[in-house]
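Open the model in your viewer and keep the selection tool ready. The tour moves from the domain interface to a sheet and then to some backbone details.

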Amino acid sequence: MLIYNTLTRRKEQFTPINPPHAGLYVCGPTVYGDPHLGHARPAITFDVLFRYLKYSGYKVRYVRNITDVGHLVNDADEGEDKIAKKAKIEQLEPMEVVQYYLIRYHKAMDALNVLPPSIEPHASWHIMEQIDFVQKILDAGFAYESNGSVYFDVEKYNNKTRAYGKLSGRNIDELLETTRELDGQSEKRRSADFALWKKASPEHIMHWKAPWSVGFPGWHLECSAMSTKYLGEQFDIHGGGMDLIFPHHECEIAQSCAALGKESVTYWMHNNMITVNGQKMGKSLGNFITLEEFFTGNHPLLTQSYSPMTIRFFILQAHYRSTVDFSNEALQASEKGLARLMEGYARLQKLSPSAVSSVEVKDLQDKCGEAMNDDLNTPIVISHLFDAVKAVNLVHDGKETISAEDLNEVKRVFRLFMEDILGLAGEENAGSSNEAYKQAVDLLLNIRLQAKQNKDWATSDRIRNELSALGFEIKDTKDGFEWKI
Ligand code: ZN
């Protein structure tokens, strides 16, 4: 199996350190807001990798962390902690914020049929491990203490290893050159240096006791500490979104090399970004759509709701290293495509075999496997499944024939790739059942409208009350009604 390694910038044969075991670490969410497309893409990409590695016979330990401390607004070393800020605004304990959004994140991932990872460690549960990691870097001479905080010494590390910037391709001499000027207020020697431990200011609510101060760990540290704890000092694959390459992953490499004296990760994999109608997604741009808004259609930019399976299918129709642009037109096309695939799959179950096959379907498994082995090329897998649907339809229409043996084989391979590997079966016939459900609610409300016109208040009230009890919000309008759940 070939995978593209961001570190070497080429496709490489996947060869785990300790087969049949494969270690996979993926940066998970910072849980201070509702899950959105930016969470869905890496979760789905690495879910497919997790599924495919397991199918390929590896015993996979998949670690996806939860960032619940240390991620500061603007990702820089200054400013407020994202979770603490939200806790202040909502007048909650920081861990209440974490719990609330974590439950919502898990719910959305379940809906998208993303399998839970093997371990989901929280940064705040691993403060001891992070303190030990900082101490190791200090002992190795690649960090310095300043006013109770500890910073990584990028220049010293780079002079010794020439390795800072190797993942992101940034020119570090230039970076060090241009970031040398700092005002006298800063605790850092150079602005390229990054925090390993920050002394907490009195108003900072999340803090722990460490040898240097009462404070909290720098954001990059948790992934180095937790990947080492659960996957060992060297492991196979580290994944995440492309936006994490710099500084997050570059800093992770520096920390691990400094503390452990060696490179931790063999393959770095990064999924590309998501845009909405051609624009970067951002709260200030008004195009920030949460997954729940996609599932319910409650957002001004959406003309309808989209089922979780439509979102999953849409993401898998692009290669993970390409950008994906969300628009209503593109999603509607995916919804139709998925319905066609599901219909073909349902039709396949009902085909009757003939004595011989006139369709060529024997190589479906090889073709799909080849595409997956070529750096998880899911759009090509999907196109092979569509080719199989064409053959199924021809047999269904009596224009071609299929033998019992071939029919069983196509059923097996279709199920394997569509359900087990692409994970597209969590919600079979999602599109049409969603439609049927909407029509059923409309039907009930039309009966109620009729009852009202007939002054049959008992029936009208009963429908309204019982739907309300089920969580439906019904609004009477001059044209009839509107509803949402
Ligand atoms: Zn990380």
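How many salt bridges are there between domain 1 and domain 2? The count is three, a salt bridge being a side-chain nitrogen of Lys or Arg within 4 Å of a carboxyl oxygen of Asp or Glu.

Before selecting, note the ground rules. This is a predicted model, in which local features need pLDDT of at least 70 and side-chain atom pairs count only at pLDDT 80 or more, while totals for chains, interfaces and linings use all residues. Residues are numbered from 1 along each chain as its sequence is written, and side-chain values use heavy atoms, with hydrogens and water left out.

**The domains.** Color 2–271 as domain 1, 276–428 as domain 2 and 431–484 as domain 3. These bounds come from an automatic or database domain assignment. The C-alpha centres of domains 1 and 2 are 33 Å apart.

**The interface.** About 2800 Å² is buried between domain 1 and domain 2, with 65% from carbon and sulfur atoms. Buried area here is the accessible area (1.4 Å probe) that two parts lose on being put together, summed over both. Select Leu37, Arg41 and Tyr52 next. They supply 26% of the area that domain 1 buries against domain 2, more than any other three residues.

Now show Asp47 and Arg312. They form a salt bridge, with the closest N and O atoms 2.8 Å apart.

Helices (H or I, at least four residues) and strands (E, at least two) are DSSP runs, numbered from the N terminus.

Move to the open sheet of five strands, order 5-6-7-9-8, with antiparallel pairing. Strands pair if DSSP finds at least two bridges between them. Strand 5 (143–146) and strand 8 (208–209) are the edges, each pairing on one side only. Two bridges join strand 8 to strand 9 (214–217). Pick Trp208: its bridge partner in strand 9 is Gly215.

**Backbone stops.** Zoom to Pro19 and Pro20, joined by a cis peptide bond with omega about 10°. Pro20 sits in the loop between strand 2 (10–13) and strand 3 (21–26). Another cis bond joins Phe246 and Pro247, with omega about 5°. Pro247 belongs to helix 8 (245–260).

Finish at Arg9, in the loop between strand 1 and strand 2. Arg9 is not a glycine, yet has a positive phi of about 60°.
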